[in-house]
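Hello,

Here is the structure I promised to pass on. Please open it first, then read my notes below.

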Amino acid sequence: MKPNRSASSLAALTLGAIGVVYGDIGTSPLYALKEVFASGRVPLTESNIYGVLSLVFWTLTVVVSVKYVVLILRADNNGEGGLIAMLALASQAVKDRPKLRHRLLFVGVFGTAIFFGDGVITPAISVLGAIEGVEVAAPALHTYIVPITLAVLTGLFMVQRHGTARVGKLFGPVMALWFVVLAVLGIDHIADNPAVLAALSPHHALIFLLAHSAVAFVALGAVVLCVTGAEALYADMGHFGKRPIRVAWFSLAMPALVLNYFGQGAMLLADPSKAKNPFYEMAPTWALFPLIGLATCAAVIASQALITAAFSVTKQAIQLGYLPRLRVLHTSVKETGQIYLPFVNWGLYTCIVLAVVLFGSSDRLAGAYGIAVTIDMLITTTMTFFVIRYGWKYPWSLSFAATGFFFVVDFVYFSANIVKVFDGGWFPLLIGGVMFMLMMTWKQGRNLMSESLRADAIDLDSFLQSVFISPPTRVPGTAVFLVSDQGLTPNALLHNLKHNKVLHETNLFVTVRHHEVPWIPTDKRCQMKALGHDCWEVTLNFGFKNEPDVPKALVQLRQHGCMVEDMETSYFLSRDIVIPSIGSGMSEWREKIFAGMHRNAAAAADFLRLPTTRVVELGSKVEI
């Protein structure tokens, strides 16, 4: 029975990986070859078609199969993947080198910021690329492409608040059908011209690159679109595991993609006039509208996977201290990872609508797409080097050999896309730049705020000793004071004593710490230190994927003899008001932005899942 259960589990996870992990890369045939040839910048000759097909195949092989599936998936952070997990892994590997660690954090945060630019372009280009099939089926409907795209995207973002659990069950079967259709369409045209399979040989790619270097450089900027979504292989590792992702890629996703690209190439060899939209031109007339419907479903799935990833990445960035608290709604009572962030949802939607209206076609959006993808690919490769060298302790030469080749490949593709900055590449860079500024402003502002609070703070041990010389009235129950800096007296305690002139029977000074690892096990969640007089210093440890639930974590104190009863516990928080000032901190405009972000951040009580009826907030002003 056990082998059968194992096989069925692998099959289920593999099907899930096909639906979630490969949604983005699975829709790239809609626009990748079209972007290469439709613009006219790459002449539609037989040798160029062979060269481009060879480049596509070997890009999929080198970048996805070898780099991500074989190498990058090995660099897991306690089973988790993604740029933030890699950033945490790399920063831990060089923790004894503070300058290098600071630079890596800087680069990693920039990569995370650029991800949001990618998160805007992916839904826009995927859905636009799918709906543009209408123009092939009925050219008169061209003017309706953008409105239909906006309607589909609006519906997608409106259902986000309901969660994706039910819809997600359909992702795997729909994407499996999509890949089968890709393969069938490709095989049909390859059968008409099997000689196209000669492009599997790398010498066609080399001839193309060497003989037509200028044209090839332009083509590379579009060829990279065939690997958009490759980062998802690593980012979703924690959901499915390495083996299902690898099985899904080699058994279905890669063969289907290669067959479809080569089918498009075979068709273009026979009829170059179909270069305007080679994907839809592959289909027989009777199948066009069903194919448009299936392509739209696949594009929605690709978009959904990226929207969900944006929610997850934002939550992780919040817990690592790079973004302010935002309202987080849980859409499933069983899966803590299924969350909905209204601000992120509608912020993404606004930017995506702007992208669709501003660019108007997948051709124009393709110019904006590659640059965000290649920047994140470069950053992932760079981080991997430091993990291999300093985390795994491999020799320098082996570490360089393992990542140097991929770095060169990534850099070549990045160079081919950087020339498209004025053709649309500025758009994701602008979004990424704004996000990076906000993330660094928040991080630096929090540090300045902590320094200001520490400068005026009183040592907790000394303060308690002075208080108990002539103790105030003790009242029944437990008071939990949330403290950002351990060992310092919280302002909430000072204000409580000043105004209420009482102290609870039991007092807990709780510091919540988020660590650069995905998960902190329950048995390591809570640490405590007795301060005397029924006062305790408590540290609660959470990973960046743990759910920070303070009341639930405090239950563990019972095993240390400290009884925390829900109905007898009050939570005291300091509500600090930030006052920007001219000084040695950040520039005045950044301090004002930080003050605004701090003022509009979601309540700490909601973020830490404190019972709202038992929370007391006491305010104070902090100058930075």
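**Helix 4 against helix 18**

Start with the residues that touch. From helix 4, Val63, Lys67, Tyr68 and Leu71 meet a set of residues in helix 18. Their partners there are Met377, Thr380, Thr381, Thr384 and Ile388. Keep in mind that the model is predicted.

Now for the geometry. Two packed helices are described by the angle between their axes and the distance between the axes. Helix 4 covers residues 46–71, and helix 18 covers residues 362–391. They pack at an angle of about 40°, and their axes are 12 Å apart. That angle makes helix 4 oblique to helix 18. The crossing of helix 4 with helix 18 is left-handed.

**Helix 6 against helix 8**

Next, look at a second pair. Helix 8 spans residues 145–158. Helix 6 runs over residues 98–131. Their axes come within 9 Å and cross at roughly 125°. So helix 6 is oblique to helix 8. This time the crossing, of helix 6 and helix 8, is right-handed.

Which residues in helix 6 meet helix 8? They are Pro123, Val127, Leu128 and Ile131. On the helix 8 side, the residues are Ile145, Ile148, Thr149, Val152 and Leu153. The contact of helix 6 with helix 8 has eight nonpolar residues and one polar residue. It has no charged residues.

**The cavity**

How many cavities of 30 Å³ or more are there? The count comes to one. The largest cavity has a volume of about 40 Å³.

Ile84, Leu87, Gly108, Val109 and Thr112 are among the residues that line the largest cavity. The lining also includes Ala317, Leu320, Tyr322 and Met439.

Which elements give two or more residues to this lining? They are helix 5 (83–93) and helix 6. The largest share comes from helix 6, with three residues.

What about the classes? In the lining of the largest cavity, seven residues are nonpolar and two are polar. No charged residue is found in that lining.

Best wishes

How values were computed. Residues are numbered from 1 along each chain as its sequence is written. This is a predicted model: local features need pLDDT of at least 70, side-chain atom pairs count only at pLDDT 80 or more; totals for chains, interfaces and linings use all residues. Side-chain values use heavy atoms; hydrogens and water are left out. Axes are lines fitted to C-alpha atoms, for helices over the stretch in contact, and angles run from 0 to 180 degrees between N-to-C directions. Helices (H or I, at least four residues) and strands (E, at least two) are DSSP runs, numbered from the N terminus. Angles under 35 degrees count as roughly parallel, over 145 as roughly antiparallel, 65 to 115 as roughly perpendicular and the rest as oblique. A crossing is left-handed if the near helix is turned anticlockwise from the far one by less than a right angle, and right-handed if clockwise. Contact means heavy atoms within 4.5 Å. On a 1 Å grid over the protein atoms alone, a cavity is a set of points where a 1.4 Å probe fits but cannot get out, and a pocket is an open set with protein on both sides within 12 Å along at least five of seven lines; lining residues have an atom within 4 Å of a point. Grid points are joined across faces, edges and corners, and a volume is the space filled by probe spheres set on the points. Ala, Val, Leu, Ile, Met, Phe, Trp, Tyr, Cys and Pro count as nonpolar, Asp, Glu, Lys and Arg as charged, and the others, Gly among them, as polar.
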